[in-house]
Amino acid sequence: MFARVAWLVLRKDIAIEVRSREILYTTLFFAVSCVLVFSFSFVREGRAVPDAAAGILWIAIAFAGTLALGRTFERERYGETLRALLLAPAPRPAIYVGKLLGIVALLGVAELLLVPLIAVLFQAELFDRPLLLIALLSTGTLGFASVGTLFAAMLVRARTRDVLLPILLYPITVPVMIAGVRGTSALLATPPDEPSAIMWIAMLACFDVVFVTLALWTFEPLMIE
Amino acid sequence: MRRIFTPLTIVVAIMFACSPILIAGAPYESTMGLIQKIFYYHVPSWFAMFTGVFTCGIASIVYLFRGRPDADRVAASAAEIAVVFGLIGLVTGPMWARKAWGVWWQWDAKLTMALLVEMIFVGYLLVRKYGGPGSDKLAAAVAIFGMANVPFVYESVNIWRTVHPKTSVVPELARTAPGMAGPFWFCVLAFMLLFALLLTARIDLERRRAALDALYLAEED
Amino acid sequence: MLTAIASFLLLLAVQQPPPGQGEFVPISQLPPGDRLPAAPLLIAAYAFVWVALLVYLWSIWRRITKVEAEMHALERRSTSGSRPR
């Protein structure tokens with residue numbers, strides 16, 4: 001029942017998105033422009049500052065993710081579908097999981113674009129250890145999205161939701177950012193520093209477990225109107 | 001609760017008045033000299049701040065899962081007091097660091113964690129003020145997540161070498177520098193009592209505000 | 001704040017020590033020009049702590065008196081309003 005509800009919510013979001021592709025395109029383009037803006041700050045004499053690539057990748061993910069979260073829940077608020085979802089006889093944590101997977105999927109597509117872009121722009125050998133990179137990106141994105149989905153869902157009714165989401169989200173997801181940036185830097189080192197990267201991936205996995213559990217636990221009492 | 005307010009104020013005032021005398025009498029630290037004496041106010045400030053953080057976190061859990069309004073009042077008060085003590089720590093710390101280490105700020109585990117926790121609880125206060133309807137529950141979630149975040153921030157930044165004095169300084173104080181232990185624990189007690197005093201006063205304010213809101217609602221009927 | 005966090009992340013990625021201070025240097029080994037007088041900083045720190053705490057206590061007291069004044073005004077209004085019955 002739980003898995004089915006989550007899958008249905010996810011499928012609904014994907015179906016809506018595939019039809020209009022509005023959030024997808026705007027998020028992707030925003031991520032790309034983020035990368036460009038930060039590149040201008042950190043390129044000196046035509047070459048990037050070393051290790052800037054790792055930082056810029058994760059900043060772009062964080063900013064694009066915040067935007068995507070805001071837009072996804074704005075759409076729910078506009079259609080007043082969130083209340084309908086909550087009224088449905090479905091376990092509420094399952095609704096959270098469905099929305100979480102939708103955000104992770106969206107950010108995953110963004111990362112599919114961002115990683116090659118950054119590899120090209122900064123001559124970063126991001127594809128040396130593809131499996132570790134995928135593990136790092138997926139655990140990091142999941143961690144970021146788990147906190148973000150909860151906060152964005154709760155902020156739907158707030159008037160100042162646009163600015164409150166980053167204010168609340170960024171300090172709490174700093175460990176994700178630290179681990180992501182350091183892990184990516186470790187993978188970009190020559191030769192790639194695998195033990196460090198694996199340690200950061202393990203830490204991100206811990207973060208994911210703790211915060212997804214916390215989110216599932218608090219989603220129910222929080223969404224009571 | 002209001003009855004302990006006046007005696008508590010007197011005790012705290014006396015303790016704080018005595019503290020400079022005790023601190024001046026404490027022995028000098030070998031490498032840092034005079035500036036190390038900031039330690040007697042700086043560290044107890046952080047103790048008070050983290051007491052506030054955990055009080056807020058636990059009260060938030062109680063509020064979220066039991067719905068008791070007095071838990072919400074405790075959480076809001078504790079968060080505000082934690083931010084105040086955190087600000088004190090974050091200002092006195094760089095003052096100490098500038099003289100002792102030559103830099104105002106260092107990105108090591110303790111400082112980064114302290115700054116982030118301060119930011120999370122400032123976020124808590126912003127949500128309570130500007131979050132609109134339902135913001136008390138949202139703020140409770142922020143407090144819980146913030147509290148859960150503390151070990152992760154500490155560990156993730158801790159990988160680099162840290163210039164900050166190690167945590168082991170405090171427990172070993174009685175052994176390594178007995179002259180310092182007395183004034184230090186005196187200041188800790190003073191700050192903890194001050195925390196209790198401020199918390200009592202602040203919860204009283206929240207309770208009065210709730211009573212006022214109830215009066216307004218009754219008037220409208 | 002966003003730029004602060006962004007630059008913090010990039011600073012992490014660029015793992016170079018700040019120029020001139022890479023290690024903990026004991027005060028006695030610093031050149032005399034780098035030494036600051038400790039007393040003003042110490043006094044400033046203690047003064048800040050006292051002032052901050054007193055300001056906060058005063059702000060709580062001020063808010064309590066404001067709420068009490070409002071409550072009295074409200075009670076007066078409701079009793080005067082119900083008198084002409």
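Two residues are in contact here if their C-beta atoms, placed from the backbone, lie within 7 Å. Keep that in mind as you explore this predicted model.

**Stop 1**

Select B:Ala143. Which residues does B:Ala143 touch, leaving aside those up to four places away in sequence? Colour B:Cys56, B:Gly57, B:Ser60, B:Ala75, B:Ala79 and B:Tyr124, and you have them.

**Stop 2**

Next, select residues 52–78 of chain A, which form helix 3, and residues 174–188 of chain A, which form helix 8. These two helices pack at an angle of about 145°, and their axes are 8 Å apart. Their crossing is right-handed. To see where they meet, show A:Ala53, A:Ala54, A:Gly55, A:Leu57, A:Trp58 and A:Ala62 on helix 3 of chain A. On the helix 8 side of chain A, show A:Met177, A:Gly180, A:Val181, A:Thr184, A:Ser185 and A:Leu188. By class, this contact holds eight nonpolar, four polar and no charged residues.

**Stop 2: where chain A meets chain B**

Display chains A and B together. Here 24 residues of chain A are in contact with 28 residues of chain B. On the chain A side, look at helix 6 (130–155), helix 7 (161–172), helix 8 and helix 9 (194–222), each of which gives two or more residues. Which helix of chain A gives the largest share? Helix 9 of chain A does, with seven residues. By class, the side of chain A that touches chain B has 20 nonpolar, two polar and two charged residues.

**Stop 3: along helix 6 of chain A**

At 1.5 Å a residue, its 26 residues should span 38 Å, and the end C-alpha atoms are 36 Å apart, which agrees. Helix 6 of chain A is mostly covered, with 20 of its 26 residues buried.

**Stop 4: a leucine in chain B**

Jump to B:Leu189, in helix 7 (residues 178–220) of chain B. Why is B:Leu189 called partly exposed? B:Leu189 has 14 other C-beta atoms within 10 Å, whereas a buried residue needs 20 or more and an exposed one has 12 or fewer. Then find B:Tyr63, 126 residues away along the chain: the two C-alpha atoms are separated by 29 Å.

**Last stop: chain C**

Finally, select chain C, which has two helices and zero strands. Of its 85 residues, 15% count as buried.

Methods: Residues numbered from 1 in each chain as written. Chains lettered and ligands numbered in written order. Predicted model: local features only at pLDDT ≥ 70, side-chain atom pairs only at ≥ 80, totals over all residues. Axes fitted to C-alpha atoms, helices over the stretch in contact; angles between N-to-C directions. Helix = DSSP H or I, 4+ residues; strand = E, 2+ residues; numbered from the N terminus. Left-handed = near helix turned anticlockwise from the far one by under 90°. Nonpolar A, V, L, I, M, F, W, Y, C, P; charged D, E, K, R; others polar. Expected span 1.5 Å × (residues − 1).
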